[in-house]
Amino acid sequence: MSQWEYAPAPESRDIANLKPTYRPFIGGEFVDGSGEPLQTINPATEEVLAEVGTASVSDVDNAVKAARKAYDRVWGPMPGTERAKYIFRIARLIQERARELAVLETLDNGKPIKESRDTDIPTAAAHFFYHAGWADKLEYAGLGPQPRPLGVAGQVIPWNFPLLMLAWKVAPALATGNTVVLKPAETTPLTALVFAEICQQADLPPGVVNIVPGAGDIGAAVVEHPDVDKVAFTGSTAVGKHIQRTLAGTRKRLTLELGGKAANIVFDDAPLDQAVEGIVNGIFFNQGHVCCAGSRLLVQESIAEELLDKLRARISTLRLGDPLDKNTDIGAINSAEQLAKIEDLVASGERDGAQRWSSPCTLPDKGFFFAPTVFSNVEQSMRIAREEIFGPVLSVLTFRTPDEAVAKANNTPYGLSAGVWTEKGSRILWMANRLRAGVVWANTFNRFDPTAPFGGYKESGFGREGGRTGLEAYLHVQG
Ligand code: TAP
C-alpha cells in the first residue's frame, strides 16, 4: 500500500500549456525531426508528459546551414542597437510567460515550483535583459575597438537548470552577433522548445536560434560539425574532456562548464544559524543537482557537534514531495539513472565507514525521490568526499586551522566554487586568495547574477559565463 501518492493538479498541464507533441526548431520553423521521437516524463510521477521529435545528424546539418545563412545575411551585419531590440523582446516575453515556463520546468525537471518561479525563470529573463544592454556597447567593453562575432555557436546544455542554462548560452551569443544551434538535455527538452516559440513571437529572424533535441550523439553532431565556429558546453567532466579531445587541432573556440565538489567552510566565529541556512541552501537547492553545490561541509572541529545538531534539526523540517506544491523544499531527482547514481555513491559512503543520517521524511511511492542525507566521519579518501554526487547528499569533514581548511578544500580535481563563513573580513580575503575556485562566496552561497562571471578552475572547465568577461567567449577581440 502506498504511503502517499499524488497526481499533479490537472490545471498544471493547462498552465504549462502542455502539448502532446513538441518538435525541433530549425530555420525559424518547427520541423519533423528525422530522429527517433523520445518521451519526456515527469520525474515526480513517472507519467509521460509529451512526445518530443528529435533531430538526426542531417537535421543538425540543416540547423547549422540555417544558422550560417542567418549569420551571414542578417544577424552578423545587423547593428547592435537593432539586435538589442530583439533580445529585450525575448526577455520581456519570458517574463510574460513566466508562470507557464515555471510550471513546465517543474513538470519536466522535478524541481520545486518555488525555485523555478523565484530563481530559474526570473534569472533567465535577467540574463536576456543584461545581455541586451551590451549589444550596442561592445566597442566600449574594453575588449578592443572592434570586437567581431565568431559566427555559428554550437551549444550543449544539461538538465539541471534547463531554461537558465539556455539563457546563459543564448543571451551572450546573440548579444555579440553570433547565431546558435542548441541541444537541450534529453530528459528536459520542453522549456527550450517553448523558448523557440518565444523566438518566433519576438520575430527573431529565422535561423538565428535553432533548437535540436536529441541524445548525446546529437550533442556530438553539433560539436563536431565543421561549420560551427564556437562550442559552448555545460555538463559532466567526462563528456567535457571528450569534447576537448575531439576539438583539438580544429579552429573552433571552446568553453567548458563542468562538474564540481565545492567546499563550504565554516569557522568557529561564524553566525551559526545563518551558516546552517547557507549549508542547507548550498546542498539541497535543486535537490543538489547543482554544479557549484556546497557538497563538502568543512567545519572547524570545536563547533562541529553543535553545528551538526543544528543542521540535522533544520533538515528535518524540509518538506519533500510534490514539486508543484509551493511549500515543497525538496522535489524529485531528475531521472531514474541519476537516482541510481546517488544511491550507488551513498552505499559506498556506508561501506567506507562514514556515518549516515537521513531526514526522517516519507518518500512518495512513485517518482524518483531521495531523502536529504548527511554523512559525518568522512575521510578525504572516500568516494563521497571526492566524487560529484549531484544529489541531496552532504559530506562533512572537520579542520582545525585555516591552513588545513584550505588544503582540504583544494584537495579535489574540481575548482568551481567555495563558501566561507566567518565574522572576520580579513580571513575571508585570506581564504579567497588561497581557494582554487572560480567563485568564492562569503557568508552566503549559491548567489547568481548575470553581471558576475561564473566558471571554473582545474577539471571544472575553462572560460567564464556572465559579466563582461563572458562576452569574450563569443568575440574575436581585435587590437
Ligand atoms: P552530461 O552527460 O555531460 O550531459 C550534458 C549534455 O551533453 C546533455 O545535453 C547530453 O545529452 C550531452 N552529451 C552527452 N554526450 C555527449 C557527447 N559525446 N557529445 C556532446 N554532447 C553530449 O551531463 P549531465 O549528466 O546532463 O549533467 C550533469 C553534469 O553537468 C554534472 O557533472 C554537473 O556538475 C555539470 N554541470 C555543470 C555546470 C557548470 S555551470 N559548470 C552546470 C550544470 C551542470 P543527453 O541529455 O542526451 O545525455
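The ligand lies between domain 1 (13-258 + 458-476) and domain 2 (263-442), because both give residues to the shell around it. Domain bounds come from an automatic or database domain assignment. This is a predicted model: local features need pLDDT of at least 70, side-chain atom pairs count only at pLDDT 80 or more, and totals for chains, interfaces and linings use all residues. Residues are numbered from 1 along each chain as its sequence is written.

**Ligand shell**

- The ligand is surrounded by 28 residues. A residue counts as near a molecule or strand if its C-beta atom, placed from the backbone, lies within 6 Å of it.
- The closest are Glu186, Gly216, Gly219, Gly235 and Cys291.
- Two elements give two or more residues to this shell: helix H8 (216-224) and helix H9 (237-247). Helices (H or I, at least four residues) and strands (E, at least two) are DSSP runs, numbered from the N terminus.
- H8 supplies the largest share of the shell, four residues.
- By class, the shell holds 14 nonpolar, ten polar and four charged residues. Ala, Val, Leu, Ile, Met, Phe, Trp, Tyr, Cys and Pro count as nonpolar; Asp, Glu, Lys and Arg count as charged; the others, Gly among them, count as polar.

- The centres of domain 1 and domain 2, taken over C-alpha atoms, are separated by 30 Å.
- Domain 1 puts 19 residues into the contact, and domain 2 puts in 25 residues. Two residues are in contact if their C-beta atoms, placed from the backbone, lie within 7 Å.
- On the side of domain 1 that touches domain 2, helix H4 (98-109) and helix H5 (113-134) are the elements that give two or more residues.
- H5 gives the most to that side, with three residues.
- That side of domain 1 divides into five nonpolar, seven polar and seven charged residues.

**Helix packing: H4 with H7**

- Two packed helices are described by the angle between their axes and the distance between the axes.
- H4 and helix H7 (residues 190-201) pack at an angle of about 150°, with axes 9 Å apart. Axes are lines fitted to C-alpha atoms, for helices over the stretch in contact, and angles run from 0 to 180 degrees between N-to-C directions.
- H4 and H7 are therefore roughly antiparallel. Angles under 35 degrees count as roughly parallel, over 145 as roughly antiparallel, 65 to 115 as roughly perpendicular and the rest as oblique.
- Leu101, Leu104, Glu105 and Asp108 in H4 meet Leu190, Thr191 and Val194 in H7.
- This contact of H4 with H7 has four nonpolar, one polar and two charged residues.

**Helix packing: H5 with H6**

- H5 packs with helix H6 (residues 162-175) at about 5°, and their axes are 9 Å apart.
- H5 and H6 are therefore roughly parallel to each other.
- H5 residues in the contact include Phe128 and Trp134, while H6 residues include Leu163 and Trp168.
- The contact of H5 with H6 divides into twelve nonpolar, three polar and one charged.

**Helix packing: H10 with H11**

- The axes of helix H10 (residues 272-284) and helix H11 (residues 304-316) come within 10 Å and cross at roughly 55°.
- H10 and H11 are therefore oblique to each other.
- The contact of H10 with H11 has seven nonpolar, no polar and three charged residues.
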